[in-house]
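Let's take a walk through this structure together, a piece at a time. Have the sequence and the 3D view ready.

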Amino acid sequence: MLLNDIKLFSSEIILIICSVFILMYGIFFKDNSQSIKNIFYISVLSLILSFYSIIYFVNPEMSFFNNLLINDTFTLFFKKIVLIGTIVIVLISYNYLIDLEIIKPEFFFLILLSTVGILILISSRNILSMYLGLELQSICLYILAAYKTNDIKSSESGIKYFIIGALSSGILLYGLSIIYGFTNATDFYEISESIKLSLQNDENFLILNIGFVLILSGLFFKIAVVPFHMWAPDVYEGSPTSITAFFTTIPKIGALAFLIKFLNIPFENYYSAWFQILYVVSIFSMIYGSIVAINQSNIKRLLAYSSINHMGFLLIGILVGTQTGIKSIQLYLVIYMISVLGLFTCVLSLKNKSNELYLENIGDFSGLIKKNSFVAFSFAVLLFSIAGLPPLAGFFGKLYILISAIESKLYILSIVAILTSIVSAFYYLRIIKIIFFDEPVNDISVNTSIVSKLIIIISIIFSITLILFVSDILELINSTSILTNL
Amino acid sequence: MTNIPVLSLLIFFPLIGALVILFVNKNDQFYDNKVKEIGLWTSLIVFFLSLIVLYSFNSTDSQFQFIESYKLIDDLNIYYYLGIDGISLSFILLTTFLIPICIIISWNKIKKNVSYFVASFLLIECFLIGVFSSLDLFIFYIFFEGSLIPLFLIIGIWGGSNRVYASYKFFLFTIFGSLIMLLGILTLYFYTGTSNFTQLLKFDIPFILQVWLFLSFFASFAIKIPMWPFHTWLPDAHVEAPTAGSVILAGVLLKLGGYGLIRYSIPLFPLATDFFAPTIYILSLISIIYISLVALAQKNIKKLIAYSSVAHMGFVTIGIFSRNLEGLHGSVFQMISHGLISAALFLSAGLLIDKFNTKNINNFGGLFKQMPVFSIFFMIYCLGAISFPGTTGFISEFLVLIGAFKINFLIAFIASFGIILSACYILHLFKNVCFGTNNFKQVSDLNTREIIIFFIFIFFIIFLGIYPNSLITLYELSANKLIV
């Protein structure tokens, strides 16, 4: 039994062992470029191994560790995305951190450990294991946000993230304790049974409602949707850019996967309650994220607000409560992750020639087309894709979300979604305008390593050619969008 | 012939050309010339391909021809479904005819990012042919919306001084309409379970749903046509766009709206069409009369022609919604004829602006002495624009007015004032440009290349004006299907 558990947990175990090994290696060996390089290779290798073990050792539909965790096709799908995304982050971080001279073994340790946390969060089927995974992930992220220790903005973002994150975790924990008090269970399926029984007996739901709302607030903090979004822009702006890329994609994917699972398993009989909450949150996130992003001048802040908008969009897929909805979220997340990572790779390749600083101000991108048409072209394709223009990939993401909304006859929600995507098209176009139409104001130096070039090319090819294999992807997703019902 | 996927070839040949151009992309005089040659040859080959399609097209068959169908998205029942009838073929020919001309006329004018410019035009060609040949609503939408990207870049990168504002306005107006249409498409899809146009025709959609769907489609098409009061993006886009951009915008992109109404709105929502027809007559009449008056007050040559486009497209919508033989034939003819005439007018305007470096029509004058050849050509285009007998403009507006008379005397009466007003503003333009005295230094007349291009337009305008049946027989049967 134990051996089987270890086998099912192998991908996380690999990452834990490697991260501890990296920490040891960093302590006992000198801080020279060779050992950093070794650590970099080890972490990439461990992520690849972990991915490999998910494919070959882990069979779906199995609970393990006394029903603390579960691996079904749904969780495995998200685990795979998270691991791929993390590999990309580690690859693009390496050169960037070396350039800033802040590369340390701890960085890789923290990234790997937070990935473990996300993996545990995704596969949890018990509120204990869920909280464990969430906290493991969050604590690593707090440190990563403050990673650029000589930069006051980075420290600020770390502190801000920590205080607000700890507060939200506290709220979440309080909600979990209330749920435990109401249902006398920690297992998701037992909670579900208990709520079902209470619904049949027509009990008083006030206390359950309070607990439920508290838990949702905590989770909304983690995915940064209105009205729990305040931390996101500051934290994103202050953190080192490659870590911002991590923040905008991987932890959100984990938290969303968990949110889907949490709403659809323990609270599946509570649909009418969470439908209303998500409806309001989704509308406000879309409107707020798109309107506030218009006036941003920092690309990281802009992407922070646009990610609020995207999260609002994704909540539509959750709140319809159908399999189409989950499928549309999975498709959207894949497309979103690939485009955003490609975008960040482009941003990371731009530097100011005179003071060797990485460009973050959108105005500084002006006239990029004259400097390097490859990066400019990639920007255009990825931004048009994220803006949701056919025939690029982003359109299909939006199309599927709208399909799931209209299938459930949520017309007002889809009209809001469409209006906000027009507004968001405006600010994506603004970046394209600055890159293509404006005259250059300062000298940009573009240096793309082979790896980042490869990442950009893959993301562009994916964005352009998705139309040809979207059917195959949907077929793959089809079996992974079903949640296990015991 | 039927085994070869001709339409896919037509759609994707320009795309391949664009990709090749983007790959040989280097900022170098030598490569720039190569890029232009590749672009020109690609578009010419596409033009000849479309001529082959025309040759093998059977105009005595009212069904869709050259059908291609592959499943694109399995679980959604979305097909890559292509097919053309006479109406679509006319527009495909117009597109493939105008694109090589656009590339030729910007041969020496575009200096920066030549490869992107040529690639944008090839991309536009790909999307436009795709729009005209798709028979699945989703594919239609993808092509329809995709054509925004290259034109946004064309206006924004190579446009005039206020280009950013114009490109944004163009983009946001159009995407607003199209996204609302997407909602309509999705609703229709979930009501019927298919997005295939030929299957959709078999469904009886309830009246209330038809009304909503019609409005959502109309939002997109009315902005594209453009119809008063949704027209405000057009003058800005035209003024700022480079000449080739104006030509393709006036020549083909505006026709997407009319084509969409004919292809989708009328057959799919017949009850709603009847319901909304009076409203649309009123909007069209306002387009014709009010916009003609606005055009009369313009000093900017490109703006004047842009407003005249809006006024002329008012005849198209009247013709489409009259739903009788003459009206429908007339409006398709008007779209093709306007595609030729307005393209030619923008060509002339672009030439004048390049030569004299001013857009104000009061600054011109006396061109008959300086550029006699040009003035003769320009005169014939102007006569076409005021629907002078013997040009295409006469045939189309005559047919539309007959169609309108059959519906309501008053509509035709008011619309016919549009022709008089068009004579006012176009002759005002012509007088200011070609007559009077000038205070310019000596300028050269047209060179051989320009004469050839200008002559091609004249040829088609007069040929189709004298022998309209050559075009009408092409789309006659397809249009007749729409009459109830």
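Which residues of α13(B) meet which residues of α14(B)? Before we get to the list, keep in mind that this is a predicted model. On the α13(B) side you'll find Ile301(B), Lys302(B), Ile305(B), Ser309(B), His312(B), Phe315(B), Val316(B), Gly319(B), Ile320(B) and Ser322(B). They meet Gly327(B), Leu328(B), Gly330(B), Ser331(B), Gln334(B), Met335(B), His338(B), Ser342(B), Leu345(B), Phe346(B), Ala349(B) and Leu352(B) in α14(B). Sort this contact by class and you get 11 nonpolar, 10 polar and 1 charged residues.

How do these two helices sit against each other? α13(B) covers residues 301–322 and α14(B) covers residues 325–356, and they pack at an angle of about 175 degrees with their axes 8 Å apart. Angles over 145 degrees count as roughly antiparallel, so that is what α13(B) and α14(B) are to each other.

How many of its residues are buried? The count is 22 of 22, so the helix is mostly covered, where buried calls for 20 or more other C-beta atoms within 10 Å.

Now for another pair in chain B. Helix α12(B), residues 270–296, and helix α18(B), residues 409–434, have axes that come within 9 Å and cross at roughly 20 degrees. Since angles under 35 degrees count as roughly parallel, α12(B) is roughly parallel to α18(B). Their crossing is left-handed. α12(B) brings residues including Tyr281(B), Leu285(B), Ile288(B) and Ile289(B) to the meeting, and α18(B) brings residues including Ile411(B), Phe417(B), Leu421(B) and Tyr425(B). By class, this contact has 14 nonpolar and 4 polar residues, with no charged ones.

Let's step back to where the two chains touch. Chain B puts 29 residues into the contact and chain A puts in 25. On the chain B side, β1 (65–73), α5 (137–146), α6 (148–158) and α7 (163–192) each supply at least two residues. The most comes from α7(B), with 14 residues. By class, the chain B side has 20 nonpolar, 5 polar and 4 charged residues.

Over in chain A, have a look at helix α3(A), residues 33–56. Its 24 residues should span 34 Å at 1.5 Å a residue, and the end C-alpha atoms are 34 Å apart, which agrees. Among the buried residues of α3(A) are Ile36(A), Ile39(A), Phe40(A), Leu47(A) and Ile54(A). What do the buried residues pack against? They pack against α2 (10–28), α4 (73–100) and α5 (105–123) of chain A.

Further along chain A is Ala393(A), in helix α17(A), residues 393–407. Ala393(A) counts as buried because 29 other C-beta atoms lie within 10 Å. One of the residues it touches is Phe462(A), and others include Ile335(A), Ser339(A) and Leu466(A). Ala393(A) and Phe462(A) are 69 residues apart along the chain, yet their C-alpha atoms are separated by 7.3 Å.

In the loop between α16 (373–386) and α17 of chain A sits Pro391(A), joined to Pro390(A) by a cis peptide bond with omega about 0 degrees. Chain B has a cis peptide bond between Ile225(B) and Pro226(B), with omega about -15 degrees, and Pro226(B) lies in the loop between α9 (207–224) and α10 (233–240).

Two chain A residues other than glycine have positive phi values: Ala224(A), near 55 degrees, and Lys409(A), near 60 degrees. Are they buried or exposed? Ala224(A), in the loop between α9 (206–223) and α10 (231–238), is buried, with 26 other C-beta atoms within 10 Å. Lys409(A), in the loop between α17 and α18 (411–436), counts as exposed, with 12 C-beta neighbours inside 10 Å.

Note on methods. Residues are numbered from 1 along each chain as its sequence is written. Chains are lettered from A and ligands numbered from 1 in the order in which they are written. This is a predicted model: local features need pLDDT of at least 70, side-chain atom pairs count only at pLDDT 80 or more; totals for chains, interfaces and linings use all residues. Two residues are in contact if their C-beta atoms, placed from the backbone, lie within 7 Å. Helices (H or I, at least four residues) and strands (E, at least two) are DSSP runs, numbered from the N terminus. Ala, Val, Leu, Ile, Met, Phe, Trp, Tyr, Cys and Pro count as nonpolar, Asp, Glu, Lys and Arg as charged, and the others, Gly among them, as polar. Axes are lines fitted to C-alpha atoms, for helices over the stretch in contact, and angles run from 0 to 180 degrees between N-to-C directions. Angles under 35 degrees count as roughly parallel, over 145 as roughly antiparallel, 65 to 115 as roughly perpendicular and the rest as oblique. A crossing is left-handed if the near helix is turned anticlockwise from the far one by less than a right angle, and right-handed if clockwise. The expected span of a helix is 1.5 Å times one less than its number of residues. Lists of a residue's contacts leave out its neighbours within four places in sequence.
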